[in-house]
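Trainee: I am new to this structure and would like to learn how to read its features one at a time. Could we look at it together?

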Amino acid sequence: MKAAASWVVREERPEDHDEVRRVESAAFAHQAERVARLVDALREGLSVSNGLSLVATESDVVVGHAMFTHSLLDAPQRLVEVQVLSPIGVLPERQRQGIGSMLIRRGLGMLNARGVPLVFLEGSPDYYRRFGFVAAAQLDFRKPSLRIPDAAFQVKVLDAYEPWMTGTFVYSQTFWDLDLVGLRETPSPPPQL
């Protein structure tokens, strides 16, 4: 296992785009093209005020990537600007070495400093619990699609959160356009005659 000091976490730069695509494609091999298109599409709307795209590098080579982007919470009082953590990928040969954890912790710290109240995601409760994510339904948040398993719909509450901020989480249009919200059933093969 590499020492964490050998990795550098920084904001993504334009010259990193091809390497980020390579990392995300390798990390999500089963849907590589869709996830790469997601990153490209989310990057177009990214600005300092509405998200983060972070990379972890080793000897100036990108080995991990995490993206936090603007979404909304449809609360009774008003719409609340929140963030979604998706995607996060690490090269398969570098997984389980702490790179993903570094990216997530750095991103959450930066968003907290910016006054973001909540970060949502779809993912493994066993993995994301270590970062303070909890089942969103426990805090009265509603998922945007019935295809999202209850346990996978998670939220991290940050310092700017206020108790009135509850309601339905709404992904940005990009996730819907690429059909990357929730799980789709694998189509059954046609019956053999």
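Mentor: Please keep in mind that this is a predicted model.

Trainee: Is Leu121 buried or exposed?

Mentor: A residue counts as buried under 20% relative accessible area, and Leu121, with a relative accessible area of 1%, is therefore buried.

Trainee: Which residues does Leu121 touch, not counting residues up to four places away in sequence?

Mentor: Leu121 touches Val84, Leu85, Tyr128, Phe133, Ala152, Phe153 and Gln154 on that count.

Trainee: Turning to helix 2, which residues there are buried, and where do they lie around the axis?

Mentor: The buried residues of helix 2, which spans residues 32–44, are Ala32, Val35, Ala36, Leu38, Val39, Leu42 and Arg43. Seen down the axis of helix 2, these buried residues fall within an arc of 155 degrees, so they line one face of the helix. What covers them includes helix 1 (17–27), strand 3 (61–74), strand 4 (79–90) and helix 5 (173–177).

Trainee: How should I describe the way two helices pack?

Mentor: Two packed helices are described by the angle between their axes and the distance between the axes. Here helix 1 and helix 2 pack at an angle of about 140 degrees, with their axes 8 Å apart, and helix 1 passes helix 2 in a right-handed crossing. By class, their contact has five nonpolar, two polar and six charged residues; among those that meet are Val20 and Glu24 in helix 1, and Val35 and Arg43 in helix 2.

Methods
Residues are numbered from 1 along each chain as its sequence is written. This is a predicted model: local features need pLDDT of at least 70, side-chain atom pairs count only at pLDDT 80 or more; totals for chains, interfaces and linings use all residues. Side-chain values use heavy atoms; hydrogens and water are left out. Helices (H or I, at least four residues) and strands (E, at least two) are DSSP runs, numbered from the N terminus. The expected span of a helix is 1.5 Å times one less than its number of residues. Buried means under 20% relative accessible area, exposed over 50%, partly exposed in between (1.4 Å probe, protein chains only). The arc is that of the directions from the helix axis to the C-beta atoms. Contact means heavy atoms within 4.5 Å. Axes are lines fitted to C-alpha atoms, for helices over the stretch in contact, and angles run from 0 to 180 degrees between N-to-C directions. A crossing is left-handed if the near helix is turned anticlockwise from the far one by less than a right angle, and right-handed if clockwise. Ala, Val, Leu, Ile, Met, Phe, Trp, Tyr, Cys and Pro count as nonpolar, Asp, Glu, Lys and Arg as charged, and the others, Gly among them, as polar.
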